[in-house]
Amino acid sequence: PDEPKDFDHFYHLGNPSLQMALVKARGFVDRYPMVEKGLFFLGNPGVGKTHLVVAILKQLMMQKQVECLFCSYQELLRQIRDSYNPVSLSTESEVVRPVLETEVVAIDDLGAERVSDWVEDTVTYILNYRYAQKKITLLTSNLPDTAEEANERSPSGKYRISDTLTSRIGLRVRSRLREMCE
């Protein structure tokens, strides 16, 4: 990701879904801060979801001086887990505070780690806090949203039916995402 993150990368794309994602992203930046929901980009690996989210953050910071934060889902969970280690130099609150408090946060690759009670509780806490505080969250995921989509996206069987977004993040978190993101 050394290339510039902007919307121009998407101009040449002929796929209607990708064009719609670009329209949503541009509209989001244009309307910010008068937006009520964040954006959630779902799709196969390599289609540009992360690039688009970084472009949104870049535009918000440059055009509107918005405080933004980008974090990888897996890295965030790893840093929180590491904070429990007695030799760690960081505490859980030091790791989580920026994710809770930053005006616009992007969480990349949601669901990349299998759900456990701890993961579900941690993600639910972060998203519920941001939702209650009316803080905008942008998310990406490579996982299919439903079992039907898993079958459509993977006739070869690359995805198992159990590998859906809901199976990885839990029903509570998926329900919250429907409320807080387009």
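1. Basis. The model is predicted, so local features need pLDDT of at least 70 and side-chain atom pairs pLDDT 80 or more, while totals for chains, interfaces and linings use all residues. Residues are numbered from 1 along each chain as its sequence is written, and side-chain values use heavy atoms, without hydrogens and water.

2. Aromatic pairs. The count comes to 3 aromatic pairs. Rings of Phe, Tyr and Trp (its six-membered ring) pair if their centres lie within 6.5 Å; planes under 30 degrees apart are stacked, over 60 edge-to-face and the rest tilted.

3. Tyr-84 and Trp-118. This pair is edge-to-face, at 6.2 Å centre to centre with 80° between the planes. Tyr-84 has a relative accessible area of 43% and is partly exposed, as is Trp-118 at 25% (buried is under 20%, exposed over 50%, partly exposed in between; 1.4 Å probe, protein chains only).

4. Tyr-125 and Tyr-129. Here the rings are tilted, with 6.4 Å between centres and 45° between planes. Tyr-125 is partly exposed at 46% relative accessible area; Tyr-129, at 23%, is likewise partly exposed.

5. Charge over a ring. Arg-176 lies over the face of Tyr-131, 4.2 Å from the ring centre. The criterion is NZ of Lys or CZ of Arg within 6 Å of the ring centre and within 35 degrees of the ring normal.
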